[in-house]
Amino acid sequence: MNSLRVLGVDPGLTRCGVGVVDVAPDRSATLVHVGVVRSAPDAPAAQRLATIAAGIREVLQAHRPDVVAVERVFAQQNRNTVMGTAQASGVALLMAAEFGIPAETHTPTEVKAAITGYGQADKRQVQTMVARILHLDDLPKPADAADALALALCHAWRGGGLHAQQSAVLTPAQRAWRDAERVARR
């Protein structure tokens, strides 16, 4: 029984959640690693991104995932928050590429639906389901860590094997995103 090792990354400039899980073909999952890479809010943006990169690099080297799943930045009210999140997301995707590891992105709604069955679930519901799925005694904290684990589980469960998305049925939002990416590449 071969399991898939997935690194989930919940990008953030101050706190970047990282979680590694092994997921078996029967969808059972085991926690490998969970943590948060932190950068100083008063540091220059370049230094903060370097700190995030170093933390993700460390996890990639230590746990050698088969695939990386990163939260896709869709839209947020605060422009500063979305910029930092997008920059941290780019760092995670870059680190995966440097290690030669395939990477995919998933929207928060997609992750919540995969983990809780409800795309509008709150942070506590996600933490509770992640703890149940991984047979943890306590809820993973902070929420960034739980979100990273949820991303990894979502990816593995939604056709995120080594041939990710090729055989998976895409949701309407995933199809729209794929089509937008195709247009942008032209």
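Let's start with H63, which counts as buried at 17% relative accessibility; buried here means under 20% relative accessible area, exposed means over 50%, and partly exposed is in between, with a 1.4 Å probe and protein chains only. Before I go on, this is a predicted model, so local features need pLDDT of at least 70 and side-chain atom pairs count only at pLDDT 80 or more, while totals for chains, interfaces and linings use all residues. Numbering runs from 1 along each chain as its sequence is written, and side-chain values use heavy atoms, with hydrogens and water left out.

Back to H63. You'll find H63 in helix 1, residues 45–63; helices are DSSP runs of H or I with at least four residues, strands are runs of E with at least two, and both are numbered from the N terminus. What does H63 touch, once residues up to four places away in sequence are not counted? R5, V20, V32 and H33, where contact means heavy atoms within 4.5 Å.

Now D22, which sits in strand 2, residues 15–23. D22 is buried, also with a relative accessible area given as 17%. Leave aside the neighbours within four places in sequence, and D22 is in contact with S3, L4, R5, S28, A29, T30 and V32.

Zooming out for a second. The protein chain has six helices and five strands, and along the sequence they go β-β-β-α-β-α-β-α-α-α-α. Of the 186 residues, 46% count as buried. If you take contacts between residues at least 6 apart in sequence, 59% of them join residues at least 24 apart.

On to the helix packing. Two packed helices are described by the angle between their axes and the distance between the axes. The axes are lines fitted to C-alpha atoms, for helices over the stretch in contact, and angles run from 0 to 180 degrees between N-to-C directions.

First pair on my list: helix 4, residues 123–133, and helix 5, residues 143–157, pack at about 60 degrees with their axes 9 Å apart. So helix 4 and helix 5 are oblique to each other; under 35 degrees counts as roughly parallel, over 145 as roughly antiparallel, 65 to 115 as roughly perpendicular, and the rest as oblique. Helix 4 passes helix 5 in a left-handed crossing, that is, the near helix is turned anticlockwise from the far one by less than a right angle, whereas clockwise would be right-handed. Helix 4 brings K123, V126, Q127, V130 and I133 to the contact, and helix 5 brings A143, A146, D147, L149, A150, L153 and W157. That contact splits into nine nonpolar residues, one polar and two charged; Ala, Val, Leu, Ile, Met, Phe, Trp, Tyr, Cys and Pro count as nonpolar, Asp, Glu, Lys and Arg as charged, and the others, Gly among them, as polar.

The other pair: helix 3 and helix 5 pack at about 80 degrees, with their axes 9 Å apart. That makes helix 3 roughly perpendicular to helix 5. The contact is E110, V111, A114 and I115 from helix 3 with A150, L151, L153, C154 and W157 from helix 5. Which classes do those residues fall into? Eight nonpolar, no polar and one charged.

Stay on E110, in helix 3, residues 108–116. E110 counts as buried at 6% relative accessibility. E110 and E71 are 39 residues apart in sequence, with C-alphas 9.7 Å apart.

Cysteines, briefly. C16 is buried at 0% relative accessible area, and C154 is buried at 0% as well.

Last bit, the backbone. Most residues other than glycine have a negative phi, and most peptide bonds are trans. Here, a cis peptide bond joins K141 and P142, with omega about -5 degrees, and P142 is in the loop between helix 4 and helix 5. H135 lies in the loop between helix 4 and helix 5 too, with a positive phi of about 55 degrees although it is not a glycine. H135 counts as exposed, at 68% relative accessibility. R27, also not a glycine, has a positive phi of about 80 degrees. R27 is in the loop between strand 2 and strand 3 (29–38), and counts as partly exposed at 45%.

Okay, over to you.
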